[in-house]
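Q: I've got a model open and I'd like to learn how to read it feature by feature. Can you walk me through it?

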Amino acid sequence: MSDTAAIDYLLLADLLVILHALFVVFVVLGGLLVWRWHWLAWLHLPAILWAIILESFGLICPLTPLENHWRMLAGDAGVYETTFIQQYLLPLLYPAGLTAQIQWLLAAGVFLLNLLIYAGLYWYWRQQPRTSWQ
């Protein structure tokens with residue numbers, strides 16, 4: 001495989017990690033965006049459910065095997081030992097020592113945080129005249 005193809009696969013894998021991290025941030029804090037753009041609830045609520053199911057049952061996100069596949073196809077790119085993303089972003093998504101109990105706590109934390117955000121949002125909407133909901 002050429003160095004260019006290997007770098008392309010590494011780039012794809014790194015972009016996928018960024019997308020994955022953005023999804024995690026959206027799951028955790030996306031309810032705050034719903035305060036401004038109400039229609040995002042239709043995306044955010046299923047995203048929360050998906051993340052809670054994955055964490056609660058210890059499942060692997062489908063993005064992870066795809067990322068691993070692209071890294072495997074890249075082989076030794078010969079550019080750096082690790083990229084910035086591999087060094088700093090991957091440990092945030094896949095921390096060392098992640099256990100089933102920690103995953104349950106993460107799922108519960110995501111649920112409770114978003115429950116509070118949506119409860120506050122519901123309370124706020126109830127205080128406003130109906131015309132301001134749109």
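Q: Let's begin with L92: is L92 buried or exposed?
A: Keep in mind that this is a predicted model. To call a residue exposed, you look for a relative accessible area over 50%. L92 comes in at 65%, so it counts as exposed. You'll find L92 in helix α4, which covers residues 84-93.

Q: Where do the helices fall in the overall layout? What does the chain's secondary structure come to?
A: Start by counting elements, then read their order. The count is five helices and zero strands, and going along the sequence you get α-α-α-α-α. While you're at it, check burial over the whole chain: 31% of its 134 residues count as buried.

Q: How do I describe a pair of packed helices?
A: The general idea is that you give the angle between the two axes and the distance between them. Take α2 (residues 41-57) and α5: they pack at an angle of about 160°, and their axes are 8 Å apart.

Q: What does that angle say about how α2 and α5 run relative to each other?
A: An angle over 145 degrees counts as roughly antiparallel. So α2 and α5 are roughly antiparallel to each other. For the handedness, α2 passes α5 in a left-handed crossing.

Q: What are their separations from V28 and V34?
A: Read them as you did for L92. G109 and V28 are 81 residues apart in sequence, with 8.8 Å between their C-alpha atoms. For L121 and V34 the sequence separation is 87 residues, and the C-alpha distance is 8.3 Å.

Q: Now the charged side chains. How many salt bridges are there?
A: You look for a side-chain nitrogen of Lys or Arg within 4 Å of a carboxyl oxygen of Asp or Glu. That rule gives two salt bridges here. In one of them, the side chains of R71 and D14 meet, with 2.8 Å from N to O. R71 belongs to helix α3 and D14 to helix α1, so this pair ties together parts that are 57 residues apart in sequence.

Q: Are those two partners buried or exposed?
A: Go back to the accessibility values. R71 has a relative accessible area of 14%, so it is buried. D14 is at 9% and also counts as buried.

Q: Which residue forms the other salt bridge with R71?
A: That's E67, whose closest N and O atoms with R71 are 2.9 Å apart. Because E67 and R71 are four residues apart in helix α3, about one helical turn separates them. Both E67 and R71 are buried.

Q: What about a residue in a loop, say C61: where does C61 lie?
A: C61 lies in the loop between α2 and α3 (63-74). Its relative accessibility is 12%, so C61 counts as buried. C61 and W50 are 11 residues apart in sequence and 9.3 Å apart C-alpha to C-alpha.

Q: Last one, the surface. Which residues make the nonpolar patch?
A: For a patch, list the residues and then ask which elements supply them. V25, L29, L32, W35, L113, W123 and Y124 make a nonpolar surface patch of about 680 Å². Helices α1 (3-36) and α5 (100-127) each supply at least two of its residues, and α1 gives the most, with four. One of the patch residues is L32, which lies in α1. With a relative accessible area of 49%, L32 is partly exposed.

Technical notes: Residues are numbered from 1 along each chain as its sequence is written. This is a predicted model: local features need pLDDT of at least 70, side-chain atom pairs count only at pLDDT 80 or more; totals for chains, interfaces and linings use all residues. Side-chain values use heavy atoms; hydrogens and water are left out. Patches are made of residues with over 30% relative accessible area and no salt bridge: like charges are joined within 9 Å, nonpolar side chains (Val, Leu, Ile, Met, Phe, Trp, Tyr) within 5 Å. Accessible areas come from the Shrake-Rupley method with a 1.4 Å probe; for residues, only the protein chains shown count as cover. Buried means under 20% relative accessible area, exposed over 50%, partly exposed in between (1.4 Å probe, protein chains only). Axes are lines fitted to C-alpha atoms, for helices over the stretch in contact, and angles run from 0 to 180 degrees between N-to-C directions. Angles under 35 degrees count as roughly parallel, over 145 as roughly antiparallel, 65 to 115 as roughly perpendicular and the rest as oblique. A crossing is left-handed if the near helix is turned anticlockwise from the far one by less than a right angle, and right-handed if clockwise.
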